[in-house]
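Subject: Handover of a structure

Dear colleague,

Please find below the structure I am handing over to you. My notes on what was found in it follow directly after it.

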Amino acid sequence: MPNENSMRALWILNNLDAVVFSRRFPVVEKWWRAACQSENESSDDDPAKYTVFSSLPSDSELAAAFSERKRREGSVRGFGIRVTQSREGSDSWVDDPITRHIVGLYINKEEEGENNLLWPLALHIKGPYCILILPLVEPRHVKAYARLCKRSDCGNAVMADEKFSSLLLDLPSMTGAFMVAHAIGEIVTGDVVEPEVVVSASPLVGGLLDSLTGSIGISGISSRAKPVAAPVASSAPPGAPVMGALVSDVPKIGSRLLDKDALRSFINSAMPFGTPLDLSYSNIFSIKVNGFSSLDVPPQDLKQPAWKPYLYKGKQRLLFTILETLHAAMYDRDEIPDSLSVSGQINCRAELEGLPDVSFPLTGLSTSKIEALSFHPCAQVPEQNVDKQALMFSPPSGNFVLMRYQATCGLGPPVKGFYQLSMVSEDEGAFLFKLCLLEGYKSPLTMEFCNVTMPFPRRRVLSFHGTPSIGTVSNAEHSVEWKIITSGRGLSGKSIEAIFPGTVRFAPWQTQRLPSFRSVFEGATDEESDNETESANNMVNTEEFLMEKMNKDLPTVDLEEPFSWHAYNYAKVSFKIVGASLSGMSIDPKSVSIYPAVKAPVELSTQVTSGDYILWNTLGKCPSAVTVKV
């Protein structure tokens, strides 16, 4: 293949399954057709005699195929696993959840017969739009997927000759396709954001002032106007003390959805002829608005990278922000261990003149138990040992993600305890929270806020009764929210216990049957209904009887809301912690080196937020992953 990271075409569909924008790249399509011709000529030895679908569909043909797949797979993303409704040849027949994101469409072309599979399509849903990106792959890969769709067994069998995971590892263009899809998704929804870089306001007031003066157009700081204004927004909630500021170069493109002119301009500049070069919208916008001048010419002995179209002029500084998201499943059960995982990234903003190289050692790699690492293309990783990993990079313009990682939580859960909910009647439940916050955590770690929400997506909340030991409580139509620590009253250097007993009353339930994902499991439901009378007669526990009855009557919600599927009860915790990372990942500002050497202050900030931090009801059903014993 001439280029392993090129795109053949892209489509944007609205919520009515109509194509509202499309773009095809003839140069890449010419490569594809040449590869198909070569593959089909050599397919005489193929016992399946499978010829690859070599042409691109029209917009109407693709919309019809997309609508047909949604009907066949039950939703836009599909089942992701093989169920009774799965048909041979469909994505769910492969029995792999990744087929909810990498999909295939069968285009209705009579002259092509049955060999009309369009694959692989990267599916990204953003707002009301579905974005489909078709990358360039080799025809043999499409043939391999077609065989997986017709295999009798399911899943990634150990002894299978072909595995879906192995096939994807051979497709580097899929990574580029998802990057393109996410970039386009931000543009069509007007939601373009840059990675957060938090500037500490207290130690360097001048640095914050420079950003403010630059954003309102005061000249004299640099030899030329900055390509894009750098607006500064407070990172703290209203009413809270200002701990820092967010620096960004992303222009405002308005709230109008699907600005086709902006989208065409971005595609022409970011991926001419179908090959992505620079997907940074701020860079593309800067070049379009400002162009280039004689001041932007780099020194002759240096080669300017594509990710840095402009050379910075002004006061120099280097900013790092470690952002981590903590995901947790807390069970409080002896037979099910709690699960904690950290997703982190190091964001950077290098306001440095010229084309310098920055290097520093990452510390804490052994204690943080890093499970996965990935780096920005500008980074080089020349050295690695047990606890330190040297990192060198030539920084791009503006804010960027220097690295991403997956790790375990080295400090234990910041919020631990249990949540219990039992139904005392069909329309009333009694609950109890007993939590401990920041146990074992020391300064400078500070919890800025902490909220606990009890969602009830299938019941309408009428009222609640109960007084917590700390914080305030409010309720909405389908939830009860407990604010343990409010913004502006952070918790640092100590742990606290929080207890909240109470009751919640729901609106009377009217039995109704709604179309839902439960239809997938009709066979199991029928079996249970045969034994309903017998099991009810044998029940001696009133609570079990009520829960069983409610689970029978309540319709399940869609699979897109997994925590409420099949009447699972849970509470969700939201919090924000600043001061240090929970994984142990760290950067020592004193160890950062810049070449050629310049005097530039280095700032480091750290922020941890909650992801899916779930407290499962210890008195109810809960899903859990089975640990494989080797």
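Two strands count as paired if DSSP finds at least two bridges between them, and the strands (E, at least two residues) and helices (H or I, at least four residues) are themselves DSSP runs, numbered from the N terminus. Please bear in mind that this is a predicted model, in which local features need pLDDT of at least 70 and side-chain atom pairs count only at pLDDT 80 or more, while totals for chains, interfaces and linings use all residues. Residues are numbered from 1 along each chain as its sequence is written, and side-chain values use heavy atoms, with hydrogens and water left out.

I begin with an open sheet of 4 strands, which has the order β16-β17-β23-β19 and antiparallel pairing. Its edge strands, each pairing on one side only, are β16 (415–425) and β19 (461–465), and the twist from one strand to the next averages 20°; here, axes are lines fitted to C-alpha atoms, for helices over the stretch in contact, with angles between N-to-C directions running from 0 to 180 degrees. Within this sheet, β17 (residues 428–437) and β23 (residues 496–506) are joined in the antiparallel sense over 10 bridges, and F431 stands opposite G502 in β23.

A further open sheet is formed by 5 strands in the order β2-β1-β5-β4-β3, again with antiparallel pairing. Because β2 (19–24) and β3 (102–106) stand at the edges with a single partner strand each, one side of each is left without a neighbour in the sheet. Strand β1 (residues 7–13) pairs with β5 (residues 129–135) in the antiparallel sense over 6 bridges, with A9 opposite L134 in β5.

Strand β15 (residues 399–407) is mostly covered, as 7 of its 9 residues are buried, meaning under 20% relative accessible area with a 1.4 Å probe, protein chains only. Strand β10 (residues 339–351) pairs with β15 in the antiparallel sense over 8 bridges, and S343 stands opposite Q406 in β15. Strand β12 (residues 370–375) also runs antiparallel to β15, to which 5 bridges join it, and L373 stands opposite Y405.

Turning to the helices, the axes of α1 (residues 26–41) and α3 (residues 139–148) come within 9 Å and cross at roughly 65°, which makes α1 roughly perpendicular to α3, a term that covers 65 to 115 degrees. In this contact (heavy atoms within 4.5 Å), W32, A35, C36 and E39 in α1 meet P139, R140, V142 and K143 in α3.

With best regards

Technical notes: Angles under 35 degrees count as roughly parallel, over 145 as roughly antiparallel, 65 to 115 as roughly perpendicular and the rest as oblique. Buried means under 20% relative accessible area, exposed over 50%, partly exposed in between (1.4 Å probe, protein chains only).
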